[in-house]
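Please look over the chain shown below together with its coordinates.

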Amino acid sequence: MKSFYCLLLCLPSCAWGAQPFIVARALSPGEVVSVWVTVAAGAPPPQGTLDGKELSFFPLSETRFVGLAGFDLDDEAGVRREFVVDYRDRYGVDRRWRKTIVLEAKKFPVNELDVDAAYVDLSVRDAARAEDEAKLLGDIYSRHTRKSCIDGNFALPVKTAITARFGSRRVFNGVPKAPHAGIDLRARTGDPVYSPACGEVVLTGELFYTGKTVVIDHGFGLYSIFGHLSRVGVAMGQTVSKRTMLGRAGATGRATGPHVHWSVKYQQARVDPESLLAIDLGMGSQDNGYSGR
């Protein structure tokens, strides 16, 4: 069973309505951290910042909100980070809550892989293509749509084993490359791939590294990216719900065999999809909140 942090001293537990509290699988680079807030009925949504940058809050009900913060894979450990949240508590009193955390260092494994040399020693044409695609994706991830699309806990796009985890340092054909910014899921060519949550399709197409690719905007700067598909089954601008089939697994792009690559960007930070899966959004329907360690 996974361990979680509940960063609030309260008795007898971290309870809805007392004051905001933080729940996290871990406090380290690549993790998603959640801030839970209860407001008075009819009150505006809470507002907050992390180190001066806006913290987005997703509504779970009229009075309950969860704010998400993502720490990038390369964020520095040992640095103090401060959350500030302004909210109107359930008694109608305007309050400001502050919490400081410190990211812990995390070691990632090294994976050595053999791939087509064309994906390691890029031609001038392929290098230009990859650069253009990186810019296109960067432009997409910079958009912060003011809409929420959370319909319960996030789900695996393929119910199978994880074959490569987030953050591993990758060596292709003996050449060190960028770390793995997602997870790989075992799949056979043609297996269906489903959306982990609701959202809007903001990109479909065949990219140099990830092959046939689908990008979903879940709102407030939260994006899911699915790569190496053999077929795309959705269209640009399409609204999807959790478990909508996005396409079928394959081995297009830079891949050693059939599988599904799922990565997540939150406000441009590369975060571990498993940390997003670990957030229990069902807490929004509980009266006693979450009791962590």
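Does Asp94 count as buried or exposed? At 56% relative accessibility, Asp94 counts as exposed, where buried means under 20% relative accessible area, exposed over 50% and partly exposed in between, with a 1.4 Å probe and protein chains only. This is a predicted model, in which local features need pLDDT of at least 70 and side-chain atom pairs count only at pLDDT 80 or more, while totals for chains, interfaces and linings use all residues. Residues are numbered from 1 along each chain as its sequence is written, and side-chain values use heavy atoms, with hydrogens and water left out.

**Salt bridges**

- A search of the whole structure finds 16 salt bridges, a salt bridge being a side-chain nitrogen of Lys or Arg within 4 Å of a carboxyl oxygen of Asp or Glu.
- Asp94 is joined in this way to Arg88, with the closest N and O atoms 2.8 Å apart, and Arg88 counts as partly exposed at 33% relative accessibility.
- Glu31 and Lys106 also form a salt bridge through their side chains, at 3.7 Å from N to O.
- The pair links distant parts of the chain, 75 residues apart, since Glu31 is in the loop between β2 (21-24) and β3 (32-38) and Lys106 is in the loop between β8 (94-102) and β9 (110-113); strands here are DSSP runs (E, at least two residues), numbered from the N terminus.
- Glu31 is buried, with a relative accessible area of 1%, whereas Lys106 is partly exposed, with a value of 36%.
- Arg25, Glu31, Lys106 and Asp272 are linked in a network of salt bridges.

**Asp51: backbone and partner**

- Phi of Asp51 is near 55°, a positive value in a residue other than glycine.
- Most residues other than glycine have a negative phi.
- Asp51 is found in the loop between β4 (47-50) and β5 (53-59), and it is partly exposed, with a relative accessible area of 40%.
- Asp51 forms a salt bridge with Arg81, the closest N and O atoms being 3.9 Å apart.
- Because Asp51 lies in the loop between β4 and β5 while Arg81 lies in strand β7 (residues 80-88), this pair ties together parts that are 30 residues apart in sequence.
- Arg81 counts as buried, at 12% relative accessibility.

- Phe220 lies in the loop between β16 (211-219) and β17 (222-232) and counts as buried at 12% relative accessibility.
- The structure holds four aromatic pairs, for which the ring centres of Phe, Tyr and Trp (its six-membered ring) must lie within 6.5 Å, with planes under 30 degrees apart counted as stacked, over 60 as edge-to-face and the rest as tilted.
- One of these pairs is Phe58 with Phe220, which is edge-to-face at 5.1 Å centre to centre and 70° between the planes.
- Phe58 lies in strand β5 and Phe220 in the loop between β16 and β17, so the pair ties together parts that are 162 residues apart in sequence.
- Phe58 counts as buried, at 0% relative accessibility.

**Charge over a ring**

- The charged end of Arg243 sits over the ring of Tyr194, 4.1 Å from its centre, the criterion being NZ of Lys or CZ of Arg within 6 Å of the ring centre and within 35 degrees of the ring normal.

How values were computed:
Helix = DSSP H or I, 4+ residues; strand = E, 2+ residues; numbered from the N terminus.
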